[in-house]
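Reader: I'd like a close look at one part of this model before I set anything up. Could you walk me through a helix and what packs around it?

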Amino acid sequence: MSRISLNLIAILVFVMTISSLLGPLFHISPTIPATLTFTVLGIATLDAFSLQGKGGNLLIDWIAGFSPEHRERIIHHEAGHFLVAYLLGIPVMSYTLSAWEALKQKQPGQGGVSFDDGELASQLERGTIAAQKLDRYCTIWMAGIAAEMLVYENSEGGADDRSKLSMVLTNLGFSASACEQKQRFCTLAAKTLLQENWLSYQALVKAMRERASVAECQNAIAEACEETV
């Protein structure tokens with residue numbers, strides 16, 4: 001099961017336990033929390049095995065979406081990925097800012113920036129990849145975390161990014177300590193790129209907040225770059 005589904009089940013078990021203890025005080029029939037629990041457990045099981053956790057992602061994303069700060073943090077996180085990919089010459093294909101948008105575009109997870117990684121996949125299949133190319137992609141993966149740290153002085157997202165970087169490096173034979181070192185190095189590289197192109201980053205955040213197309217986002221970056229020249 002996915003981490004989200006497991007968390008939901010854990011919360012549900014806790015609620016059922018409390019209901020069982022407090023039910024007699026409020027004259028609540030024990031069949032009510034039991035029926036609700038088994039129903040939700042069935043839905044969670046269906047989500048985990050048939051929907052690959054997408055239902056849980058949608059639920060969590062929907063609840064979190066009521067927070068303006070959460071929505072802004074996602075935009076700033078994804079703008080970091082987008083801008084660094086643009087600056088490093090990796091074509092951005094699309095972006096989503098919620099699990100629902102990701103589902104409509106048939107993408108996994110809770111949303112994010114999709115870029116052309118065909119060359120990376122091809123080189124990984126052969127087991128050989130140029131160090132410069134690897135650093136580019138690793139820097140892009142860490143750029144969301146770097147953006148959050150610059151804007152909010154901490155990072156709440158990025159678990160999937162760290163996992164992806166670690167998986168790729170491990171498959172290439174990197175040790176755990178080397179993976180951590182690469183992660184720190186690429187996070188610092190991403191922060192430097194964002195700081196050096198801060199006006200472009202702010203313009204991109206504004207464009208993504210307005211749900212601009214990829215082409216419109218790229219134009220916003222280019223126009224901001226011209227203003228700094």
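This is a predicted model: local features need pLDDT of at least 70, side-chain atom pairs count only at pLDDT 80 or more; totals for chains, interfaces and linings use all residues.

Author: The axes of H4 and H7 come within 7 Å and cross at roughly 135 degrees. As for handedness, H4 passes H7 in a right-handed crossing. On the H4 side, the residues that meet H7 include Glu69, Glu72, Arg73, His76, His77, Gly80 and His81. Among their counterparts in H7 are Thr139, Ile140, Trp141, Gly144, Glu148 and Tyr152.

Now for H8. Helix H4 (68-87) and helix H7 (131-152) are both among the elements that cover the buried residues of H8, and so are helix H6 (118-126) and helix H9 (176-196). H8 itself runs over residues 159-171, 13 residues in total, and reaches 18 Å from its first C-alpha to its last, close to the 18 Å expected at 1.5 Å a residue.

Which residues of H8 are buried? They are Asp161, Leu165, Val168 and Leu169. These four cover an arc of only 95 degrees around the axis, so they end up on the same side of H8. Turn to the face pointing away from that buried side and you find the exposed residues Asp160 and Asn171. So Asp160 is exposed while Asp161 is buried, with over 50% relative accessible area counting as exposed and under 20% as buried. After H8 comes Gly173, with a positive phi near 95 degrees.

How values were computed:
Residues are numbered from 1 along each chain as its sequence is written. Side-chain values use heavy atoms; hydrogens and water are left out. Helices (H or I, at least four residues) and strands (E, at least two) are DSSP runs, numbered from the N terminus. The expected span of a helix is 1.5 Å times one less than its number of residues. Buried means under 20% relative accessible area, exposed over 50%, partly exposed in between (1.4 Å probe, protein chains only). The arc is that of the directions from the helix axis to the C-beta atoms. Contact means heavy atoms within 4.5 Å. Axes are lines fitted to C-alpha atoms, for helices over the stretch in contact, and angles run from 0 to 180 degrees between N-to-C directions. A crossing is left-handed if the near helix is turned anticlockwise from the far one by less than a right angle, and right-handed if clockwise.
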